[in-house]
Amino acid sequence: MFEFIEEQITNFKKIVFVTGAGISQESGIPTFRGKDGLWRNHDAMKLATIDAFYDNPKLVWEWYNERRMNIFQAQPNAGHKAIAELEKYAEVVVLTQNIDGLHQKAGSSKVLELHGSIVKIKCTVCNFKEEILEEFSDVPPVCKCGNILRPDVVWFGESLPQDVWQNAMSFANSCDLMIIAGTSLVVSPANTLPMYAKQNNAILIEINPENTEMSEDMGLVIRSTSAKVLPELVSLFKKSYD
Ligand code: BJW
Ligand code: ZN
């Protein structure tokens, strides 16, 4: 499976991971578009847009509360841990679309959360932001300014945090290896990151049991799950740094 990479291994110095819901699937967190994906039973337009939130803030809050409880019980899997382990050998940056914090929990120190975080909230009107320390008895919670608070995540039609996106593009632009794991690559602008890496002649590796729209652009596609593949891949890299 890894012949290609064994030939190509050249002490990669800057490795960027682009991750999505699939990397946390083996930690018990459902994906969005996979077999048991959230969007198979829920309408994204009723849960993940600002209009949906204003229409029914209670529903959206309850959905995020439920997901937060699931996420709090989840532990990083072998895939998250392998990525964290690689930091001992190379400069590693994780650009994740996930809001679950599992990369950080596994020990990765450079994680850019492109779509926000399930533990953060912000005001719909003023600049107030905070971390959720305990569950709210009543939803939606209200800000000191009198307006409602919302999860600090990026919904459809919303821009990614400018600083986070600028940094993500520059890491993608300057890496020599990009590993894309557990994302369908259907959501923009995150799905443009592999192209920035390609422009820099980086090697692209995709880890996904299913085909994606960009599989053809990859240098190597590994059709398996990330918790199986990443530990093997990382131990191969480790040998190249010895
Ligand atoms: C495994 C595995 C295992 C399984 N191991 N792999 C028309 C109208 C309005 C907007 C648009 C439009 N057309 C395009 C847009 C832009 C839009 C977009 O891309 N839409 C597409 C769906 C068409 N994007 C946006 O709106 C973004 N903002 C933006 O573009 O701003 C500019 C703009 C402004 C105004 C108007 C238009 C543009 C924002 C996107 C925000 C996405 N938000 C969500 C929810 C919030 C976070 C949350 O609650 O968690 O983010 S949606 C959801 O999708 C979530 C994810 O982060 C994101 C990506 O999904 P991901 O991670 O790829 O998961 P899946 O489920 O899709 O894939 C999992 C993969 O894993 C699968 O391939 C499996 O095979 C694999 N897998 N098990 C490895 N064990
Ligand atoms: Zn406020």
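Author: Start with a polar contact, meaning a pair of N or O atoms within 3.5 Å; within protein, one must be able to donate a hydrogen and the other to accept it, and residues adjacent in sequence count only if both atoms are side-chain atoms. The side chain of glutamine 25 has an N or O atom 2.8 Å from a nitrogen of ligand 1. The model is predicted: local features need pLDDT of at least 70, side-chain atom pairs count only at pLDDT 80 or more, and totals for chains, interfaces and linings use all residues. Side-chain values use heavy atoms, with hydrogens and water left out, residues are numbered from 1 along each chain as its sequence is written, and chains are lettered from A and ligands numbered from 1 in the order in which they are written.

Reader: How far is the side chain of arginine 67 from an oxygen of ligand 1? And serine 184?

Author: For arginine 67, 2.7 Å separates a side-chain N or O atom from a ligand oxygen. For serine 184, that kind of distance is 2.6 Å.

Reader: How much of ligand 1 does the protein cover?

Author: It covers 75% of the 1500 Å² of accessible area that ligand 1 has on its own. Areas come from the Shrake-Rupley method with a 1.4 Å probe; for residues, only the protein chains shown count as cover.

Reader: Which residues are closest to ligand 1?

Author: Arg33, Tyr64, Gly157, Glu158 and Ser184, out of 33 that surround ligand 1. To count as near, a residue needs a heavy atom within 4 Å.

Reader: What is that shell made of?

Author: 12 nonpolar, 16 polar and 5 charged residues. Here Ala, Val, Leu, Ile, Met, Phe, Trp, Tyr, Cys and Pro are nonpolar, Asp, Glu, Lys and Arg are charged, and the others, Gly among them, are polar.

Reader: Why does ligand 1 lie between the domains?

Author: Because domain 1 (1-27 + 76-115 + 160-242) and domain 2 (30-73 + 116-153) both give residues to its shell. The bounds come from an automatic or database domain assignment.

Reader: Switching topic. How much space is in the second largest pocket?

Author: About 260 Å³. The search uses a 1 Å grid over the protein atoms alone: a pocket is an open set of points with protein on both sides within 12 Å along at least five of seven lines, a cavity is a set where a 1.4 Å probe fits but cannot get out, and lining residues have an atom within 4 Å of a point. Points are joined across faces, edges and corners, and a volume is the space filled by probe spheres set on them.

Reader: What lines that pocket?

Author: 17 residues, with Glu113, Gly116, Lys129, Asp152 and Pro161 closest to the centre of the second largest pocket. Strand 4 gives the largest share of the lining, 4 residues. Strands are DSSP runs of E, at least two residues, and helices are runs of H or I, at least four, numbered from the N terminus. The second largest pocket also lies between domain 1 and domain 2, because both give residues to its lining.

Reader: What about cavities of 30 Å³ or more: how many?

Author: The count is 1. The largest cavity is about 40 Å³, and its lining includes Lys14, Glu91 and Phe171. Strand 1 gives the most to that lining, 3 residues.

Reader: Where are the cis peptide bonds?

Author: One runs from valine 139 to proline 140, and another joins serine 188 and proline 189. Proline 140 is in the loop between strand 5 (129-131) and strand 6. Most peptide bonds are trans.
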